[in-house]
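Student: I have a new model open and would like to learn how to read it. Could you take me through it feature by feature?

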Amino acid sequence: MMATQNGDQLQWTIGNMAAGTELEITYSLATSVVHGSDLLYYQPCEEDNIDIWLKEYVDGANQLFFEVSDYKVNSGTNAWGILNSDTTIRSNLYLIEPVTLNGDKPILRFSHSFNTEYRVDGGFVQVSTDYGVNWLDVRDKLFREPYALGGIQYSTFSVPNTVAFTGASDGFIDTYIDLSEYAGQDIVVRWLFACDGNTADVTDGWFIDDVTFMDMYNYNTEACVSFDQGADFCDLPGGKGTFVEHSTTGIDQEPTLEGINVYPNPAQEQLYVNIDRATPADYQITLTSLEGKALWTQQLHGATYQTVQIPLQQTTMGLYLIKIQSDEGVFVKKVVIKP
Ligand SMILES: [Ca+2]
Ligand SMILES: [Ca+2]
């Protein structure tokens, strides 16, 4: 069944359906390499740098602190973590370096792994827009991997209606927090952990890694069904739809195809793509605008050692993409064209 495109809508005409029958429509979408979330701040949690992190023992019978270690990590060598305790503990970890929330849709994402006594021991996260004077409850802003349903018992934190990450996450998961309400402000974060006085796997706990602030780019598309016999029925996907990763894993990383060079950059009258490879291969070379509009394209068949010249006289100055497609994948490079 073909879809018709109408602006930002895709439409399928289903026709008649018998009562009780089901129809599944699947489609795939591609996002341009230039569209992605903007990285605002990234903390790899590799070291206990005292001007960024603060660890605080609050109270309890066991004086445990969050520590940087290689015990459980999401990436790199280390992560922050704290072990469960079978005597009472309350202990906090602060990221005290303020992060300015640029953009319209700033979010915080952190990777974490937890395995605690379900609904009894656990932790939660708070943010502050006044450098730690007041701490804000962001429970309604967690939009992926939120807290456990039903909260945590009162006596662990002695705070009514406490929600928490509790139970088992089964490895590292990514929690996303929508901070758009605080856009433009500086923010600091803290993670609070507590255990009651009994029942704990003291070999496990809560581990936090890869703290990332981004101005989010996402596709949050509403799907609607219209039918003759009634009003439209519409629904949105959960988790704010499709999240597009920040560009350090996309275009800025500029993955290379060995033996292929694009030069000069910036370019003026000509741009060259030089292929210097012993194995013959097919290529499609395309110069596109940032919006993905193709301005020049050429196919090469069985190319080995070859230089392709792209004329730029008709191209206005600006930032462009050179896209080289082969059996090995797509290699995209940003090029600046000067007047
Ligand atoms: Ca790490
Ligand atoms: Ca416990």
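Predicted model: local features only at pLDDT ≥ 70, side-chain atom pairs only at ≥ 80, totals over all residues.

Student: Fine. How many helices and strands does the protein chain have?

Tutor: Helices (H or I, at least four residues) and strands (E, at least two) are DSSP runs, numbered from the N terminus. The protein chain has 1 helix and 23 strands. It is more spread out than a compact globule, because its radius of gyration is 26 Å, well over the 20 Å that the globule rule gives for 339 residues. That radius is taken over C-alpha atoms, and the rule is 2.2 Å times the number of residues to the power 0.38. Along the principal axes, the C-alpha atoms fill a box of roughly 75 × 60 × 40 Å.

Student: Which domains does the assignment give?

Tutor: Bounds of this kind come from an automatic or database domain assignment. Here you get domain 1 (38–217) and domain 2 (254–337). Their centres, taken over C-alpha atoms, are separated by 45 Å.

Student: What share of the residues counts as buried?

Tutor: A residue is buried if 20 or more other C-beta atoms lie within 10 Å of its own, exposed if 12 or fewer, and partly exposed in between, with C-beta atoms placed from the backbone. By that count, 27% of the 339 residues are buried.

Student: Which strands does β8 pair with?

Tutor: Two strands pair if DSSP finds at least two bridges between them. β8 runs antiparallel to β14, joined by 8 bridges, and antiparallel to β12, joined by 6 bridges. For landmarks, serine 113 has phenylalanine 207 in β14 as its bridge partner, and isoleucine 107 has aspartate 178 in β12.

Student: What is the strand order in the open sheet?

Tutor: The order in this sheet of 5 strands is β4-β7-β13-β9-β10, with antiparallel pairing. β4 (53–60) and β10 stand at the edges with a single partner strand each, so one side of each is left without a neighbour in the sheet. β4 is joined to β7 by 7 bridges, and aspartate 59 has arginine 90 in β7 as its bridge partner.

Student: How should I think about the core?

Tutor: In soluble globular proteins, nonpolar side chains tend to be buried together. A nonpolar core here is a set of buried Ala, Val, Leu, Ile, Met, Phe, Trp, Tyr and Cys residues joined through C-beta atoms within 7 Å. The largest one has 43 residues, of which Trp80, Ile107, Leu108, Trp206 and Ile208 touch the most other members. β13 gives the most to this core, with 7 residues. A second, separate core of 13 residues includes Val262, Tyr283, Leu312 and Tyr320.

Student: What does tryptophan 80 contact?

Tutor: Two residues are in contact if their C-beta atoms, placed from the backbone, lie within 7 Å. Leaving aside neighbours within four places in sequence, tryptophan 80 contacts Cys45, Phe66, Val68, Leu93, Phe207 and Ile208.

Student: Which backbone features deserve a second look?

Tutor: Most residues other than glycine have a negative phi, and most peptide bonds are trans. Tyrosine 131, though not a glycine, has a positive phi of about 60°. Tyrosine 131 sits in the loop between β9 (122–128) and β10 (136–137) and counts as exposed, with 11 C-beta neighbours inside 10 Å. Lysine 240 also has a positive phi, near 60°; it lies in the loop between β17 (230–235) and β18 (242–244) and counts as partly exposed, with 17 C-beta neighbours inside 10 Å.

Student: Where are the cis bonds?

Tutor: One runs from tyrosine 263 to proline 264, with omega near -15°, and another from asparagine 265 to proline 266, with omega near 5°. Proline 264 is in the loop between β19 (260–263) and β20 (270–288), and proline 266 is in the loop between β19 and β20 as well.

How values were computed. Residues numbered from 1 in each chain as written. Chains lettered and ligands numbered in written order.
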